[in-house]
Amino acid sequence: MHIGIPREIKAHEYRVAAIPAGVAELVAAGHRVSIERGAGAAIGYHDDDYAAAGAAMTDAAAVWDAELVFKVKEPQPTEVARLRPGQWLFCYLHLAAAPGLTQGLLASGATADGLRRSASLSTCGASAASQFGRYSGNAASGSLASSVIL
């Protein structure tokens, strides 16, 4: 599965959805990982660290072209516009307070799976990718799901 990890664009959000060790696990499990250049720089993870873990360092367009987009915060309007039918989005989703986001996600045709609880995003990445890899062929487009990752 091709997994894309974008740089977070929400104001004051500096985290990244996977650290280099998590990327190495995803690559070892047979996934192709693309990370937007500079995605981890604000928290001390450099592009060279990700490349050494097996990721392709790309621009935002290539990251959003992945089958599964794995990010921290809910997508911003410009990111929702990049979603397409059949694509998976895995991130924190706060939909009760954002009906416009909910409508945008549904209209995109993508499947959005909301991360609810985890020790860290990077430790659940391989698990999430394997779940999406198993079920992505069976997903109805334009669906919203809720996951609990412990």
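Predicted model: local features only at pLDDT ≥ 70, side-chain atom pairs only at ≥ 80, totals over all residues.

Colleague: How many helices and strands does the chain have?

Modeller: There are six helices and seven strands. Starting at the N terminus, the elements run β-α-β-α-β-α-β-α-β-α-β-α-β.

Colleague: And what share of the residues is buried?

Modeller: Of the 150 residues in the chain, 48% are buried.

Colleague: Which residues touch the most other members in the largest nonpolar core?

Modeller: Those are Ile-3, Ile-5, Val-23, Val-33 and Ile-35, out of 22 residues in that core. At least two core residues come from each of strand 1, helix 1, strand 2, strand 4 and strand 5. Another core, of 13 residues, lies apart from it and includes Trp-64 and Leu-101.

Colleague: Back to Val-23: what does it touch?

Modeller: Leaving out residues up to four places away in sequence, Val-23 touches Ile-5, Ala-18, Val-33, Ile-35, Tyr-50, Ala-53 and Ala-55.

Colleague: New topic: which residues of helix 5 are buried?

Modeller: In helix 5, residues 99-108, the buried ones are Leu-101, Thr-102, Gly-104, Leu-105 and Ser-108. They sit on the same side of the helix, because they cover an arc of only 165° around the axis.

Colleague: What's on the other side of helix 5?

Modeller: Pro-99, Gly-100, Gln-103 and Ala-107 are there, and they are exposed.

Colleague: And what follows helix 5?

Modeller: Gly-109 does, with a positive phi near 85°.

Definitions and conventions
Residues numbered from 1 in each chain as written. Heavy atoms only, no water. Buried < 20%, exposed > 50% of the residue type's maximum accessible area, 1.4 Å probe, protein only. Helix = DSSP H or I, 4+ residues; strand = E, 2+ residues; numbered from the N terminus. Arc of directions from axis to C-beta. Core = buried A, V, L, I, M, F, W, Y, C linked by side-chain atoms within 4.5 Å. Contact = heavy atoms within 4.5 Å.
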